[in-house]
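Dear colleague,

My notes on what was found in it follow directly after.

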Amino acid sequence: VARRGWPVGVVALAALAQGCNNLSPEVSGMTFKDDGKGPIVIGHFASMTGSEASFGQSTDKAIRLALDERNARGGVKGRRIELVTLDNAGKSQEAGTAVTRLITEYRVKAVLGEVSSGLSKAGAAVAQSYRVPMISPSSTNDSVTKAGNMISRVCFIDSFQGYVVAKFARDHLKATRVGVLYDQQQAYSKGLAHEFDRAFRALGGTITTRQAYTGGDANLSAQLRSLKDTNPEAIFLPGYYNDAGNIAIQARKIGITAPLLGGDGWDSAKLTEIGGAAMEGNYYSNHYSFEDPRPAVQDFVRKYRDRYGETPDGLGALGYDAALVLFDALERAPSLDGPVLAATIAATRDFPAVTGVITLDKDRNPVKPAVMVVIRNGVPHYAATIAPLTAPLPEVPDLAPVDPGAGTGGSAVSKLVQTVVDTVALGALYALIALGYTLVYGVLRFINFAHSDVFTFGAWIAFALTGWLGFATAPPWFALPLIMVLAMLVCAGLGITIERLAYRPLRGAPRLNVLITAIGVSLLLQNVGTLSWAFGPNPEHMPPLVADRSLATVAGVHLRLVDTVVLGLALALVGGLQILVFRTQLGRAMRAVSFDDRVASLMGINVGRVVTITFAIGSALAAAGGLLYGLRYESLQITAHSTWVLLGLTAFVAAVVGGIGDVRGAAVGALLIAAVQQFGAAYLSSQLRDIYVFTVLIVVLLVKPAGLFGRPAVEKV
Amino acid sequence: MKRVAERVAEHRIAVGPAAARSVGPLVIGIALAWLLQQWIAPLVGPFYAKVVLDIGIAIVAATSLNIVNGLAGQFSIGHAGFMMVGGYAAAWLTYYGSIQLWGSPDLHGGFLGGGDLLFLAGCLLAGGVAAGAGLLVGLPSLRLRGDYLAIVTLGFGEIMRVLVQRSGDVLPPVDARAAGLLGSATNLGGSLGFGGVPTYTRIFYVYVFVAIVVLCAHRLKVSSRGRALLAVRENEIAAAAVGINCARIKVQAFVVSALFAGIGGALFAHELGTTLNPRELGFQKSIDLVIMVVLGGMGSISGVVLAAAALTIVPELFRGFAELRMPIYALALIIVMIVRPAGLFGLKELWDTSLWRRLFGRSGGAPRAIARPPDKDAP
């Protein structure tokens, strides 16, 4: 038998070598000839679901508007146009599949999409290999159209946008010193920061500092203080709107008065809804302003409002323009074969579109002006138009993109005091979450992965209650305690429900199963929370329930009332828990179950009841933590946002470092982890904050596996 | 004397059949991969071919997780981190290697030509580098219990993500030539992702690796080492008591699992229509893999293969219901854990299930010894 195996393999390989060259599309000889009859099908791939769903939906609406108008006027070449939209859920692998499906299954003549540059690049590679033209409405990263001659776009590119903001800052704001704060996780933000940096220095300005954050992170005090210390005349903040609003609030709170500048990622109605008064007087670059008096703009805005009942954002305008440019090319093209059509698109000259007159350059990027808008009374108003560059900017050397927080101006004492204050407030929040992990672990010996989601729900429930009870403006004195008690009750109920339905049936099952169930519960809560009938797919601004007052000033640092309330409540809750566990009958029962549940059960303790109560207490503490988090940082990311997971994880690390199962350990661990984060971000580099935490975890686990306060567990057979 | 020689011959371990048993299926697997690429893929068209390709990559990644999670019972929720390490290592080699060798990162050579060989070398490098990372992550597992280990693997994935995000832009060919292969090792594209990686991943290569990974996992499962893994999974103390070096075998499982995950990452990196970026291979991907393993049955090779295929096809079928996709996944995960704690198939293989037996009469060739999960309450 063995002798037969080898020859088979050799034969197979030989046969393979002969004819295995097909199937990569370049050589598969697959072309899609147009038969000149029937409707012309075009495709759109977009993030219709997932965390960037609003981008895709906005674009798709505008494309459909353009499509219906064109069809009402008789379509193209006397043929109707049909649109197929496929969702890619914000994942590049699915974007590639969606474009493949559009081209090979639906036989589209051209593809429109995407907003995100990463997804556009995934789709562009596919479109290029099948020789089907693709127009990206709003991917601004320079590299997108470099995928090949089939790919073009109708929005300006980041290198131009960076120049626009830099030019505006130099000429209109007369600024010479600007600080930069970018999202290191977003390619868009990082790239735009880089382009601005180069353009601004080429125009004779100075960058005072470059600070980084991770999208969704609400705690930016270290970075903002470093910015403030350098005393910039303006701050460039090239993130997305959901972070920009929150950052603006925090910046104003610590006394930064310089205007904030942003890119087109700020363009959303949510920007001022989240940022509120803190957004006033800030500027951002955009593709168009709906106030622009040009008839093309006003016509589009009116039609869009008539159909959808809302004002189109920049993404909508670009989607509309992409469709117009495509229809124009379809009409002009001598044939609808991919390369011919692509060449026709690339030859677009002086096309009057909503976002300006579009002429595509040799790299198939449009040459057109950009507008700067200013926010007044919560509405973006037209501020200036910046024309395209006529001559290249002088080259400036690249500087290292990292500036640590250390070594900047400001008093060393006040920086130290401030870092300590931040550490204590953050540590108190971590402690409240960590206690929930520790309590459940102490009693049941398993990590309740869903705990961080109960915390998230606590924050969101508090937000919802604040709205329902009408405390959003001018809350009475009892608003905070009332909402806190209600949120704690609701979350205690949630905790008990989770325990009953998901965990109790698994009592006695292997730990792995319980762990996986916990992850399942966590995923369920995260994703149910983002549904439109729950908390919705948009970040929100938490209204202040505590007046924003400064109680005292130490070394130039304000001790804010909010921080004091957060710390006071956290201390009270931790103290209460300590008394509960060590001074009451119930606490004794909990400790007994933790020590040995079988023996405890023999002693007449109702183990099931103790477990239920433990879950209720842990969840209530998490709810309190969520509310206090909302109070301190005033912004709530959507429930499926990774920032919540990271927050829960950090608190869990704190519990493990302190010694899981130990109440004091959780508190000490929380302070330690908060200190590592805050001091690391303030004195080393803000970019490596999460790495510090996990490094501390791994080191502690390797040196003292049971944590600082934990006792080594003896396993019995 | 003759009788002695006969008896020796009788008792000699037959090399032939053993080799056939191990090489035979691989040859069949390669032949099937070739069939899939040559005949099936052109027949179904490029879109379904891409779905088949995605399924293959999902099978490689999920089966690799099945080794450490299903067989050894060590919970890893940072498995996409190994894919990321492997993917970037391979992409670095093919992209910058192509530039050094041929001056441009474009596809080079035909079937098994220079480009393909470089790609296969990249896959091997990916496996090697990821295995090294697996050793690093596996070592703490000597001291850590299941849930702590999960956190360490998660931390590993996060640290990898932050490090890749901080890497420099991808160098264009001219600069890359000047920088040299090693000099460009930190230019991996940062948070925008590694663009311009040549797209060598084809159905044939993917399914050759599928064959290798699935066969290795299966042989591992039915070997004495696999039984040792299962023993560790069921009860570490009891396993140690019967003479199994638990620490050693856990680390081995981690290394093998990471190796295959790295190869999966390399295949992902070179696929047409994906961008290799740190967000894509983050926590969410790790969870997707865990779901595949859990639904398929922890330790069931064929079950996980089926689950990987099903969960790759489902999004294609139900693009319209995508908003409820994740809640439904999560609910399914919880319900499966409660109703069938060992996953849909448990340790069983497809051909051990009663439905299969009813349909096809007799069972396949799986050894009976481990077909049934150990009886928990047996005296």
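G470(A), with a positive phi near 75°, follows helix α14 of chain A in this predicted model. Helices are DSSP runs of H or I with at least four residues, numbered from the N terminus. The 18 residues of α14(A), 451–468, reach 25 Å from first C-alpha to last, close to the 26 Å expected at 1.5 Å a residue; the expected span is 1.5 Å times one less than the number of residues. Of these 18 residues, 15 are buried, that is, under 20% relative accessible area with a 1.4 Å probe and protein chains only.

Helix α11 of chain A (residues 314–332) may be described in like manner. Its 19 residues should span 27 Å, which agrees with the 27 Å between its end C-alpha atoms. α11(A) is also mostly covered, with 16 of its 19 residues buried.

As to conventions, residues are numbered from 1 along each chain as its sequence is written, while chains are lettered from A and ligands numbered from 1 in the order in which they are written. Local features need pLDDT of at least 70 and side-chain atom pairs count only at pLDDT 80 or more, whereas totals for chains, interfaces and linings use all residues; side-chain values use heavy atoms, with hydrogens and water left out.

Helix α18 of chain A (residues 585–595) meets α20(A): their axes, lines fitted to C-alpha atoms over the stretch in contact, come within 10 Å and cross at roughly 105°. The two helices are therefore roughly perpendicular, a term for angles of 65 to 115 degrees on a scale from 0 to 180 between N-to-C directions. In α18(A), L586(A), A589(A), M590(A) and V593(A) meet V607(A), V610(A), I613(A) and T614(A) of α20(A), where contact means heavy atoms within 4.5 Å.

In chain B, V304(B) lies in helix α13 (residues 301–317) and counts as buried because its relative accessibility is 1%. Beyond its neighbours within four places in sequence, V304(B) is in contact with residues including A62(B), N66(B) and M292(B).

Key: Parallel < 35°, antiparallel > 145°, perpendicular 65-115°, else oblique. Buried < 20%, exposed > 50% of the residue type's maximum accessible area, 1.4 Å probe, protein only.
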